[in-house]
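Here is a short briefing on a sheet and a few backbone details. Have the model open as you read along.

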Amino acid sequence: QVQLVESGGGLVQSGESLRLSCAASGSIFSMYLMGWYRQTPGKQRELIASITIGDSTNYADSVKGRFTISRDNGKNTMYLQMISLKPEDTAVYYCNSVPPVTNWGQGTQVTVSS
């Protein structure tokens with residue numbers, strides 16, 4: 001089964017930027033609609049950005065205009081560029097296909113201080 005490893009999270013101040021990466025052990029990115037999800041304690045994991053095989057993208061209203069999803073199929077890697085971060089973006093961020101077809105990775109924590 002494909003393994004997913006998220007990285008790039010950290011502690012930043014409001015208004016700053018981060019770039020998350022998602023590395024896969026197999027060529028999942030060239031086969032499926034892929035997405036970034038996030039989860040905060042007590043809430044369900046939510047899909048916030050997705051990208052098709054043809055690189056068409058879609059975003060949740062909460063991140064539209066601030067987050068950009070991209071993929072590099074040759075490197076089996078997906079990215080999430082996040083700018084103008086807000087405290088409400090604080091969450092654990094995960095990648096997977098849409099809908100998820102493989103096990104979740106450990107996620108990467110993003111904490112935005114005000």
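Let's begin in a loop: Ser-84 is found between S8 and S9, where strands are DSSP runs of E with at least two residues, numbered from the N terminus. This is a predicted model, in which local features need pLDDT of at least 70, side-chain atom pairs count only at pLDDT 80 or more, and totals for chains, interfaces and linings use all residues. Residues are numbered from 1 along each chain as its sequence is written, and side-chain values use heavy atoms, with hydrogens and water left out.

**Backbone details**

- Ser-84 has a positive phi of about 50°, although it is not a glycine.
- Ser-84 is also partly exposed, at a relative accessible area of 36% (partly exposed lies between buried, under 20%, and exposed, over 50%, with a 1.4 Å probe and protein chains only).
- Asn-76 sits in the loop between S7 and strand S8 (77–82), and its phi is positive too, near 50°.
- A cis peptide bond with omega of about -10° links Val-98 to Pro-99, and Pro-99 lies in the loop between strand S9 (91–97) and strand S10 (108–113).
- For context, most residues other than glycine have a negative phi, and most peptide bonds are trans.

**The sheet**

- Four strands form an open sheet in the order S1-S3-S8-S7, with antiparallel pairing (two strands pair if DSSP finds at least two bridges between them).
- Strand S1 (4–7) and strand S7 (67–72) are at the edges with a single partner strand each, so one side of each has no neighbour in the sheet.
- S1 and strand S3 (residues 18–24) run antiparallel and are joined by four bridges; Glu-6 has Cys-22 in S3 as its bridge partner.
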